[in-house]
Amino acid sequence: MIVSLSGENSFSLHLELDKLVSAFVTEHTDMALERLDGEEATFEQIQEALQSLPFLASRKMVVLRTPGTNKKFVENAERLLKELPKSSDVIIYEPKFDKRSAYYKLLKKVTDFREFGELDRNGMARWLATEAKTRGGSLSQSDAANLIDRVGANQQSLSNELDKLLLYDAKISRENIELLTEASPQSTIFELLDAAFAGDSKKAMALYDEQRAMKVEPPQIVAMLAWQLHILAIIKTAGTRSPDQIASEAKLNPFVVRKSAGIARKLTLTQLKQLIADLLKIDIRLKRESLDADEALKNYLLGLSNPQ
């Protein structure tokens, strides 16, 4: 068995690697497991690991982490994989590839190639619902989407929250999600912006007060607003690129890009530049003057409903 693991979804990549290694160790013990880092191991060490027979075990497993960084391995990969002993299993862990390279095409052809891309909001919700069932509970996709909106789209954090919710009640409800989880500041800042741009000043002010009640200080709110405006600027200047292309090129989560696209459509580039400039002025004044930060930020948010 030769498995290649690749993709930008680091959580799923690590999960799959741990699953494969754990299953092997359970059957053959960790004495039959060998791990090598392509950035540290020499070609000779990698070659020896791949060609040697298992010792005191019926099979061995070799885990190669980013062996593509070893030029000599890449040049000899086809031969080494072809000559691999039948008693050996290999996992090639390569998160990033040049998909135009012969090395990538080789692994796609001769290995069990498993690629894990970042999930969009719907994909994340499906994953959460499936994970809840796998862990002995239940979670509807609509409530899963609510959990994502509340705590953010980081899979590791979502996995931890899922465990906490399942311990409380195997049947996860929206009420329990709101009871047991805390709204992430980043998620609420998006909601705050969305409300402001929609002209819902009452909701925007309530969300701002919620941030302050969670002990989020004005400089932090400025920083999070700046990050959201940065994402909007990327989307506005991306031309005809799809959300997935934007996310890939800008190293953003596709879920974040898709969620921000609606706001971006409401703004012209000139308006967005002005909003960035106004927020910068507030940031500078907060650092140089004795300014009522809450009043300044609330006035800024109220102005978002009618950007000039």
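Predicted model: local features only at pLDDT ≥ 70, side-chain atom pairs only at ≥ 80, totals over all residues.
Trainee: Is strand S4 largely enclosed or open, and how many of its residues are buried?
Mentor: Strands are DSSP runs of E with at least two residues, helices are runs of H or I with at least four, and both are numbered from the N terminus. Buried means under 20% relative accessible area, exposed means over 50%, and partly exposed lies in between, with a 1.4 Å probe and protein chains only. S4 covers residues 88-93, and it is largely enclosed by the rest of the structure because its buried residues number six of six.

Trainee: Which residues of S4 point the opposite way from Ser88, Val90 and Ile92?
Mentor: In a regular strand, side chains alternate between the two faces of the sheet. Ser88, Val90 and Ile92 take one side of S4, and both sets are buried. The other way point Asp89, Ile91 and Tyr93.

Trainee: Which residue of S4 is the bridge partner of Ile2?
Mentor: Two strands pair if DSSP finds at least two bridges between them. Strand S1 (residues 2-6) runs parallel to S4, with four bridges joining them. For Ile2, the partner in S4 is Val90.

Trainee: Which residue of S4 is the bridge partner of Met61, and what is the hand of the crossover from S3 to S4?
Mentor: S3 and S4 also run parallel, joined by six bridges. Met61 has its bridge partner in S4 at Asp89. The chain passes from S3 through helix H3 (residues 71-82) to S4, a β-α-β crossover. With the strands pointing away from the viewer, a path from the first strand over the helix to the second that runs clockwise is called right-handed, and this crossover is right-handed.

Trainee: Why does the phi of Lys251 stand out, and what is its value?
Mentor: Most residues other than glycine have a negative phi. Lys251 sits in the loop between helix H12 (243-250) and H13, and it counts as exposed because its relative accessibility is 62%. Its phi is positive, near 60°.

Trainee: What is the phi of Thr29?
Mentor: Thr29 lies in the loop between helix H1 (10-28) and strand S2 (33-37). Thr29 is partly exposed, at 41% relative accessible area. Its phi is also a positive value in a residue other than glycine, near 70°.

Trainee: How many salt bridges does a search of the whole structure find?
Mentor: A salt bridge puts a side-chain nitrogen of Lys or Arg within 4 Å of a carboxyl oxygen of Asp or Glu. Glu16, Lys19, Asp112 and Arg114 are linked in a network of them. The whole structure has 23.

Trainee: How far apart are the closest N and O atoms of Glu44 and Lys72?
Mentor: These residues form a salt bridge. The pair links distant parts of the chain, helix H2 and helix H3, 28 residues apart. Glu44 is partly exposed at 47%, and Lys72 is partly exposed at 40%. The closest N and O atoms are apart by 3.6 Å.

Trainee: How far apart in space are Thr69 and Gly117?
Mentor: Thr69 lies in the loop between S3 and H3, and it is partly exposed at 45%. In sequence, Thr69 and Gly117 are 48 residues apart. In space, C-alpha to C-alpha, they are apart by 21 Å.

Terms used
Residues numbered from 1 in each chain as written. Heavy atoms only, no water.
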